Structure formats: C-alpha cells, structure tokens
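I opened the notebook to keep a record of what I looked up in this structure. The entries follow in the order I made them.

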Amino acid sequence: MLDDCQTTLETDVEARFGIQRRDFMKFCAALAATMGLPKGADAQIAAAITKKERPSVIWLHHQECTGCSESLLRSEHPTLEKLILDIISLDYHETLFAAAGHQAEAARLAAMEKNKGKYILVVEGAIPTKDGGIYCKIGGQTSLELTRQCAEHAAAIVAVGSCASWGGMPSTPPNPTGSAGVGEALGRKDIVTIPGCPPNPYNILATVVHFLTFGKLPALDDKGRPLFAYGRLIHENCERRAHFDAGRFALDFGDEGHRKGYCLYKLGCKGPETYANCPSILFNDVGTGSWPVGTGHPCIGCTEKGIGFAKPIHALAELQNQRPPAGYPRISEEQGTGATAGAAALVAGIAGVAVGAGAVLAKNLGKSEKSEDGQE
Ligand code: SF4
C-alpha cells in the first residue's frame with residue numbers, strides 16, 4: 001500500500017514538475033533551509049506543494065523594468081520557473097499572459113471574483129501617486145486605482161522588488177511622478193515586501209510556499225521583509241569579510257587588490273548597512289550561483305530604502321561596529337619609507353582603527369611588495 005502511494009507521488013511529481021521525486025525533495029529541503037525551518041518542514045512543504053488546489057495569484061506591473069519577473073523566469077535552476085508556475089495559478093500577469101486587452105482584464109476580474117478573499121496579490125513596480133496617479137495607466141485605470149481594486153479582497157499582498165517595496169529607482173529625487181511603494185501608496189502596513197533589484201527568486205518562492213504550507217506569512221521585520229531573508233547584514237556573511245577584517249581593500253576597479261578579491265568597502269560597497277541573504281543564497285542557482293560582490297562589484301544596497309539608488313556609489317557605508325582607517329596604503333605603492341612601522345600603527349590607532357587591523361597595517365608597512373607576494 002505504502003509502495004503504491006509512493007509510486008503515485010513519484011508519478012505525480014514527475015508528470016507535474018518534470019523532475020524526479022528525489023530532486024523534488026531536495027528542492028523542498030532547500031526551501032526549508034532558506035526559511036530556517038526545523039527538521040521535518042521539508043515534508044510539510046512537499047505535501048503543500050503537491051496539493052491539487054493551487055492558490056490564485058494576480059500579478060500587477062507598474063513603474064518598473066520587469067527585471068523581477070525576468071529574474072524569476074531566467075533562473076538557471078532547471079526547475080524553478082516550472083515549479084512556481086505549477087505551485088500557483090497565475091491568473092493575471094501582464095508580461096506572461098497570452099491574452100491581451102479586454103480579454104486580459106476580464107480574466108483578472110473573473111479570477112478575483114471566483115477567489116474573493118483567497119487570492120494572493122503580487123505587485124511589481126512603483127505606483128505613481130502625483131496628480132491622481134495619471135503617470136501609469138493599465139486598461140484605462142491608474143496603477144493606484146488598479147492596485148486598490150485588487151488589494152481590497154486579497155488574502156495577502158506581496159510587493160516584489162525594490163520599486164514595489166519602497167519606490168526604488170522611480171522614486172529617486174526629484175521623483176516627478178510621486179512614485180511610492182505599495183504600502184505607502186495604499187496607506188497600509190500589512191504588506192510583505194521582498195526588495196532587491198532584482199529580488200532573489202528563492203525568497204519570492206519561499207514566501208509563497210510558507211503561506212501555502214502554514215496558512216500564514218513568515219515572520220517579518222519592521223519594513224515588512226521576511227526575516228529569514230533579510231535578518232542579517234550582507235557584511236556578516238560576505239566571502240570577502242576576512243579581507244575587510246585584515247585591512248585588505250581594493251582601491252580602484254582592476255587594481256591589484258581588486259584582482260586578488262580583496263574587500264570592496266573602499267569602492268563603495270554598501271554591504272555593511274544592507275540586510276539581505278545574497279551571499280548565502282546567491283543568484284542563478286542556489287548554492288552554486290554568483291552574486292554582485294562575488295563577481296567584483298560593490299553591493300549597491302538595493303534592498304534598503306535610502307541607500308539603494310539614493311546613496312552615491314562612491315559614498316562609504318556606515319559601519320555598525322568599526323570604521324577602517326583612511327590610512328591604509330595603496331597596495332601597489334612603495335611602502336616602508338618616511339615612517340617606521342610603529343609610528344604608522346600609532347597614526348592608524350589615532351584614526352580609530354581596530355587594534356588587530358592596526359597591527360596588520362604596521363606589519364604591511366614594514367614589508368616590500370616583493371616579500372608579500374613573492375613577486376615584484
Ligand atoms: Fe563584503 Fe562589502 Fe563587507 Fe567588504 S564591505 S566584506 S565586500 S560586504
């Protein structure tokens with residue numbers, strides 16, 4: 001009997017998602033780990049995902065580039081887009097919908113009526129609020145009117161991407177269209193926000209799956225972000241952190257420090273003031289993909305209002321614990337002249353350097369480039 005059930009599940013999973021049951025269970029375990037759920041949650045997630053009934057999702061687009069949808073669909077993980085499109089019933093999505101014009105709007109209204117109080121509203125893009133919201137219209141309605149209409153009977157509202165979460169790029173000064181995030185535009189605080197430019201597809205999927213599995217949304221921070229994804233600073237889990245602690249920084253794009261994978265703080269990395277799980281979960285494929293800092297670009301702080309798109313890339317991030325000294329030398333500069341190692345350490349100490357980092361500086365100043373690298 002058990003064998004029969006297992007065979008049925010295997011057949012269902014293979015037929016529906018196009019993957020073997022073993023891979024499907026691995027995927028559920030990865031989602032459970034992403035959300036920091038305890039042992040056994042993967043089985044609950046598997047049961048919820050394989051339910052025949054799929055929740056209706058209405059997905060709106062406003063002021064944005066569709067990068068959030070693209071990121072979700074272009075993910076390198078071979079099953080992600082198939083899984084998300086099979087887990088949910090995507091009843092309205094302006095980019096992916098085969099229907100257009102009146103037919104598309106009629107499908108949205110029918111899905112909302114049929115699933116009143118049960119559908120999930122996903123919003124991508126900022127909402128212009130100035131001059132009655134006339135700067136973005138879909139099907140004759142302003143973004144503001146459309147979102148209000150869809151939000152009224154939604155079971156949950158999820159703002160996907162920085163634009164929908166807090167205004168993102170369209171809201172940067174002087175913000176001529178009065179762009180705002182969903183919460184601000186609707187005057188509501190019960191919006192789940194998944195900021196990022198783009199947000200990680202697994203964070204979107206994990207949030208939806210949490211709702212499916214447990215009938216409630218995951219724990220959120222004061223900005224509506226799921227804590228499992230936005231509970232830690234990027235700086236805490238960054239692969240370049242050891243270089244930061246040791247005082248090894250890239251000072252120019254393409255310089256020796258940059259080529260060696262040193263810390264990008266002095267190139268304007270906002271990792272020390274940005275909460276997100278990018279370094280842990282990575283993009284393109286969980287565990288084996290890449291992320292901006294991993295490829296040599298400083299974090300721009302896209303998940304943080306007031307930092308992403310607002311703070312210039314050259315501006316240094318505010319450090320929560322310590323600020324490295326401005327006195328670190330360029331790696332390629334000739335060192336060891338004009339100051340003793342002890343004097344340099346004293347200057348560095350006055351500048352506020354941490355004791356350990358000061359010692360590293362003193363040590364470095366006493367070395368030639370040749371002795372550090374074994375090369376000229
Ligand atoms: Fe990583 Fe940026 Fe922190 Fe350096 S400053 S350790 S590159 S997050």
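I took helices (H or I, at least four residues) and strands (E, at least two) as DSSP runs, numbered from the N terminus. The model is predicted, so I kept local features only at pLDDT of at least 70 and side-chain atom pairs only at pLDDT 80 or more, while totals for chains, interfaces and linings use all residues. Residues are numbered from 1 along each chain as its sequence is written, and side-chain values use heavy atoms, with hydrogens and water left out.

I found 18 helices and nine strands. Of the 376 residues, 49% count as buried; buried means under 20% relative accessible area, exposed over 50%, and partly exposed in between, with a 1.4 Å probe and protein chains only. I then looked at contacts, meaning heavy atoms within 4.5 Å. Among contacts with a separation of 6 or more, 72% join residues 24 or more positions apart.

I placed Pro174 in the loop between helix 8 (161–166) and strand 8 (179–180). The peptide bond from Pro173 to Pro174 is cis, with omega near 10 degrees. Asn175 lies in the loop between helix 8 and strand 8. Asn175 is not a glycine, but its phi is positive, about 45 degrees. Is Asn175 buried or exposed? I noted it as buried, because its relative accessible area is 18%.

I looked up Asp131 and found a positive phi of about 55 degrees, although Asp131 is not a glycine. Asp131 lies in the loop between strand 4 (127–128) and strand 5 (137–138). With a relative accessible area of 45%, Asp131 is partly exposed.

The peptide bond from Cys197 to Pro198 is cis, with omega near 5 degrees. Pro198 lies in the loop between strand 9 (192–194) and helix 10 (201–214). Which residues does Ser71 touch, not counting residues up to four places away in sequence? I listed Pro198, Pro199 and Pro201. Ser71 itself is found in helix 4 (residues 67–73), and its relative accessible area of 16% makes it buried.

I used a 1 Å grid over the protein atoms alone, where a cavity is a set of points where a 1.4 Å probe fits but cannot get out, and lining residues have an atom within 4 Å of a point. Grid points are joined across faces, edges and corners, and a volume is the space filled by probe spheres set on the points. I counted four cavities of 30 Å³ or more. The largest cavity holds about 90 Å³ of space. Its lining includes Ile234, Arg240, Tyr265 and Val293.

Entry 7, the ligand. Where does the ligand sit? I found it in the largest cavity; to sit there, more than half of its atoms must lie within 2 Å of the cavity's grid points. The ligand is surrounded by 13 residues, and the closest are His235, Cys238, Cys263, Leu264 and Cys269; near means that a heavy atom of the residue lies within 4 Å. Helix 12 (234–237) and helix 13 (241–246) each supply at least two residues of this shell.

Key
On a 1 Å grid over the protein atoms alone, a cavity is a set of points where a 1.4 Å probe fits but cannot get out, and a pocket is an open set with protein on both sides within 12 Å along at least five of seven lines; lining residues have an atom within 4 Å of a point.
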